[in-house]
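Here are my notes on this one, point by point. Have the model open while you read.

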Amino acid sequence: MSGWQDVPPPRQRIGPLGWLRVAWRGGLVSLATYGGLLVLLLVRLMEWPLFGQARPVTPRITQGVCRFALRAFGLPLVVQGRPMTAPGAIVANHAGWLDIFVLNAVQQVYFVAKAEVAAWPGIGWLARATGTVFIARKGVEAKRQQEVFEARLHAGHRLLFFPEGTSTDAIRVLPFKSTLFQAFFEPALVRSMHIQPVTVILHAPEGADRRHYGWWGDMDFASHLLQVLATPRQGRVEVIFHPEVPVDAFENRKVLAQHCERVIRTAHVRAVE
C-alpha cells in the first residue's frame, strides 16, 4: 500500500495564459533573486572587514528580496505573533522550497541545511551567500558542527532549522528529530538560549489540491516551480510565531523537541482542517 510520499498531487497542463504568468512572475523573481545576490555580495565585501562574522546589513537585503518575491508570486502573507528578540533559534515545520522565501520574508534568520544543498546548482550559491549553516549527517562531524553552532549563536545570528528533517505535502507535520536541539544544551549556551516554534501553513488556491504547494520526495523542482508560477489565483501563506521558551526550562533535547512539535502541530492542524 502506497504512503503519502508516493502519491504526488496532479499537475495541471499549463496553457498560453499560464506561460505568460510564468514568464512575468518568473522574470520578476529571477531579477530580484540574482540582482539581490549581486548587491548582497558587493555589500558583504565591505561588511566583512568591518564586522567579521556579524552581518548587520546583508540579512536586510535577503529579507527585502524574499518579500518582493512573494509579491511577484502573487502569494499573500498573513503573520500572527512576533519574532522573538531574545538570543536563540527558531524551529519550523517544512512543506517545501517556498518556506525559504516565507521565513526569510518575516524575519532575519540564517538557515541550517544539509550539506548536500551547498552543491545544488543555483540554490547552493544563494544558500552560501546568505550565510546558511551546512551540516553533515555523520557522527564524526558532530563536534565540529557544535563549534560552528556556538560561534554563530555567539555572533548574534538567529539560526532556523526544520526538525522534521525533510519537506512534506503541506497538510501534515512529521515527527520532530531531536538531534540538532542538543547544540543548545551545551554549558556555554543552555542558560542564555531560547527556542521559538513557528508554524507555516501553505493554504492551497480555492478548488485546488490541498497539497498544491507541498514539495517532497522525488518531485522535480523545476516542474513544481512552473506550476506555482502558472497558478492563476494563488492561495495564501500563514505564519504563526509562538511564544519562545528558555532552553534550560527543559530536561533534555527530546523534551524540548516534543514541546516544539506539539505547539507547531496543534496550530497547523487547526488551520488546515
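1. Start at Phe-73. Leaving out neighbours within four places in sequence, Phe-73 is in contact (heavy atoms within 4.5 Å) with Arg-25, Val-29, Trp-97, Leu-98, Phe-101, Leu-225, Val-228, Leu-229 and Gln-234. Phe-73 counts as buried at 1% relative accessibility; the cut-offs are under 20% relative accessible area for buried, over 50% for exposed and partly exposed in between, with a 1.4 Å probe and protein chains only.

2. A word on the ground rules. This is a predicted model, where local features need pLDDT of at least 70, side-chain atom pairs count only at pLDDT 80 or more, and totals for chains, interfaces and linings use all residues. Residues are numbered from 1 along each chain as its sequence is written, and side-chain values use heavy atoms, with hydrogens and water left out.

3. Now the core around that Phe. The largest nonpolar core has 39 residues, of which Phe-73, Phe-101, Leu-103 and Val-198 touch the most other members. Such a core is a set of buried Ala, Val, Leu, Ile, Met, Phe, Trp, Tyr and Cys residues joined through side-chain atoms within 4.5 Å. At least two residues each come from H1, helix H2 (58–73), strand E2 (88–92), helix H3 (98–106), E6, H6 and strand E7 (236–241). These elements are DSSP runs numbered from the N terminus, helices being H or I with at least four residues and strands E with at least two. H3 gives the largest share of this core, six residues. Another core, of 27 residues, lies apart from it and has Val-91, Phe-149, Ala-183 and Val-245 among its members.

4. How much of H3 is buried? Eight of its nine residues are, so H3 is largely enclosed by the rest of the structure. The buried set is Leu-98, Asp-99, Phe-101, Val-102, Leu-103, Asn-104, Ala-105 and Val-106, so have a look at Asp-99 and Asn-104 while you are there.

5. Next, the rings. There are eight aromatic pairs in the structure. To pair, rings of Phe, Tyr and Trp (its six-membered ring) need centres within 6.5 Å; planes under 30 degrees apart are stacked, over 60 edge-to-face and the rest tilted. Phe-73 and Trp-97 make a tilted pair, because their centres are 5.8 Å apart and their planes at 50 degrees. Phe-73 sits in helix H2 and Trp-97 in the loop between E2 and H3, so this pair ties together parts 24 residues apart in sequence. Trp-97 is buried too, at a relative accessible area of 8%.

6. Trp-97 also pairs with Phe-221, edge-to-face, at 5.6 Å centre to centre and 80 degrees between the planes. Since Phe-221 is in helix H6, this pair ties together parts that are 124 residues apart in sequence. Phe-221 is partly exposed at 29% relative accessibility. Ring pairs join Phe-73, Trp-97, Phe-101, Trp-215 and Phe-221 into a cluster.

7. On a 1 Å grid over the protein atoms alone, a cavity is a set of points where a 1.4 Å probe fits but cannot get out, while a pocket is an open set with protein on both sides within 12 Å along at least five of seven lines; lining residues have an atom within 4 Å of a point. The largest cavity holds about 40 Å³ of space. Its lining includes Asn-93, His-94, Ala-170, Arg-172 and His-268, and strand E6 (residues 194–203) gives the most to that lining, with three residues.

8. One of the lining residues, Ala-170, deserves a check. Ala-170 has a positive phi of about 75 degrees although it is not a glycine. Ala-170 is placed in the loop between strand E5 (159–161) and E6, and is buried at a relative accessible area of 2%.

9. Last, the second largest pocket, with a volume of about 320 Å³. Among its 18 lining residues, Gln-12, His-212, Gln-227, Thr-231 and Pro-232 are the closest to its centre. Helix H1 (16–51) and H6 each supply at least two residues of the lining. His-212 is in the loop between E6 and helix H6 (221–230) and is buried at 12% relative accessibility. Not counting residues up to four places away in sequence, His-212 touches Arg-11, Ala-204, Pro-205, His-224 and Thr-231.

Note on methods
Grid points are joined across faces, edges and corners, and a volume is the space filled by probe spheres set on the points.
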